[in-house]
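Let's take a walk through this model together, one region at a time. Keep the sequence and the 3D view open as you read.

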Amino acid sequence: MNTLAITGGSPIRDSKKKPWPKWPVWDSAEEAGLMEVLSSGIWSYNGPKEVEFNKAYAKYIGSKYNICAANGTVTLQLALEACGIGLGDEVIVPGLTWQATAAAVLDVNAQPVLADVDERTWCIDPEDIRRKITPATKAIIPVHLYGCMADMDSILAIAKEHGLYVIEDCAHKHGGEWNGKKAGSIGDIGSFSYQLSKLLTAGEGGSLTTSSDELWEKLDALRNCGRRPEQGGEEQDKGAGVYDDDGNFIQSGNFRITDFQAALLLEALKRLDEQNAVREKNAMYLNNLIKDIPGIEPMFHDPRETRKAFFNYSFRYYGDEFGGLPASTFREALMAELGCNIESCYEPLTMCSLYQPHTKPARHKLTASYWQNIAPAHTKLPVCEKVFADHAVCFHHLVLMGNQKSMDQIAEAITKIRANIDELKPAAAVV
Ligand SMILES: Cc1ncc(COP(=O)(O)O)c(C=O)c1O
């Protein structure tokens, strides 16, 4: 009789009876905040909740400013524009990220240059950044991917040496710290996403953090149809209607958020540290449980990560220790045992189905050499490609919001699969 859930046995966790925690989290505080916005009639345009959130989040991150915008894709694009990056410029991004990181570079007509990642953290490899720098390089966008952080000391040193901007993509890292500094306050600009799956969410939304007066002024104008805020940063205190009126505008579009989103963010921010602490405690406990299972390797956590933020919980799987079982079959077997979603990592940008720069020739009517340079398949990223194909096992952060018993079950499920690997041999042969 089979014992693995995928071959008909009983699962380690019956998720219908014992559901995993739900995401997003909200209660009557969100309801009250939303009703307040509704009855105020100020539903958008630097409303009181947005002004309050900007101040609260800037303080939380430890940057001088926070500027809300429509999502974590346009925030990257606005950040690049604020740094004056455009045609002919190159921007180094990791090959293992959501496509938005590179797409934002394309959308300002610059060239994304894909760098490989550190296999221990899956974040951009500083050595590969060095190899990819040319006289056209203007910026680096490190992504603090899933539960890890990019090596910001090395990245800042490279940026200083070559006079480059550093735009931190913090879509996964609300509240994570490197050497006591929050992600988003380390580089020139931090870019956050508040999309539904994220650690801080308003369904959709994004924001930019910076401590530079000059960058803040540009970013605030760029997200608001080019209207320049008043000098000196007073706009964050005053709300709408503070723009100078002497024709000092720049070209841009409307990337503003609504005050309903800001109301949700204000309440979610109050819960963030506590939720991050639960996720960190559970992730570290689980790492300890699985670290000695042959074929399983927890992610490396650099001691300079002084506070962790887990958008995903990931570990590395080595099929050799599981009778040659492919990672995809292992993930399916684990999902069947646990009743939660488990995926590989992002598709590397060299082979990502949603990263198709050549499908926008009319928008980017650029030179043949531009098209040649951005062709994803022209870059080889051996670490990204191997991690995606053979090693990545990723859970959404909601599994980390359960209790210790839930972590025990994850470890138990892995051990169970390894002990009963023979049941999967025929399936392994087919894959
Ligand atoms: C690393 C990274 N950067 C940027 C984004 C874009 O954020 P948004 O979905 O808010 O546009 C995401 C979204 O998942 C992301 O994971």
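How do the residues of the shell around the ligand divide into nonpolar, polar and charged? There are four nonpolar, nine polar and one charged. In this count Ala, Val, Leu, Ile, Met, Phe, Trp, Tyr, Cys and Pro are nonpolar, Asp, Glu, Lys and Arg are charged, and the others, Gly among them, are polar. The ligand has 14 residues around it, and those that come nearest are Gly 72, Thr 73, Trp 98, Ala 171 and Ser 193. A residue is near a molecule or strand here if its C-beta atom, placed from the backbone, lies within 6 Å of it.

Before going further, two notes on reading the model. It is a predicted model, in which local features need pLDDT of at least 70 and side-chain atom pairs count only at pLDDT 80 or more, while totals for chains, interfaces and linings use all residues. Residues are numbered from 1 along each chain as its sequence is written.

Now to the sheets. Strands of a sheet pair through backbone hydrogen bonds, either parallel or antiparallel. Helices (H or I, at least four residues) and strands (E, at least two) are DSSP runs numbered from the N terminus, and two strands pair if DSSP finds at least two bridges between them.

A second open sheet has four strands, ordered E10-E11-E13-E12 with antiparallel pairing. Here E10 (296–298) and E12 (342–343) are the edge strands, each pairing on one side only. E12 pairs with E13 (residues 392–396) over two bridges, in the antiparallel sense. Opposite Glu 343 you will find Cys 394 in E13.

Next come the helices. Two packed helices are described by the angle between their axes and the distance between the axes. The axes are lines fitted to C-alpha atoms, for helices over the stretch in contact, and angles run from 0 to 180 degrees between N-to-C directions. Helix H3 (residues 74–82) packs against helix H4 (residues 100–107) at an angle of about 45°, with the axes 8 Å apart. That makes H3 oblique to H4, because angles under 35 degrees count as roughly parallel, over 145 as roughly antiparallel, 65 to 115 as roughly perpendicular and the rest as oblique. H3 and H4 cross in a right-handed way; a crossing is right-handed if the near helix is turned clockwise from the far one by less than a right angle, and left-handed if anticlockwise. On the H3 side the contact is made by Leu 76, Gln 77 and Leu 80, and on the H4 side by Ala 100, Thr 101, Ala 104, Val 105 and Asp 107. Two residues are in contact if their C-beta atoms, placed from the backbone, lie within 7 Å. By class, this contact of H3 with H4 has five nonpolar, two polar and one charged residues.

H3 also meets helix H7 (residues 213–222): their axes come within 9 Å and cross at roughly 130°. H3 is therefore oblique to H7, and the crossing is right-handed. Leu 78, Glu 81 and Ala 82 of H3 make this contact with Leu 215, Lys 218, Leu 219 and Leu 222 of H7. Its residues are five nonpolar, no polar and two charged.

Finally, let's turn to the backbone. Most residues other than glycine have a negative phi, and most peptide bonds are trans. Which two residues does a cis peptide bond join? They are Trp 23 and Pro 24, with omega about 5°. Pro 24 lies in the segment before helix H1 (28–40). In the loop between H1 and helix H2 (48–61) is Tyr 45, a residue other than glycine with a positive phi, near 65°.
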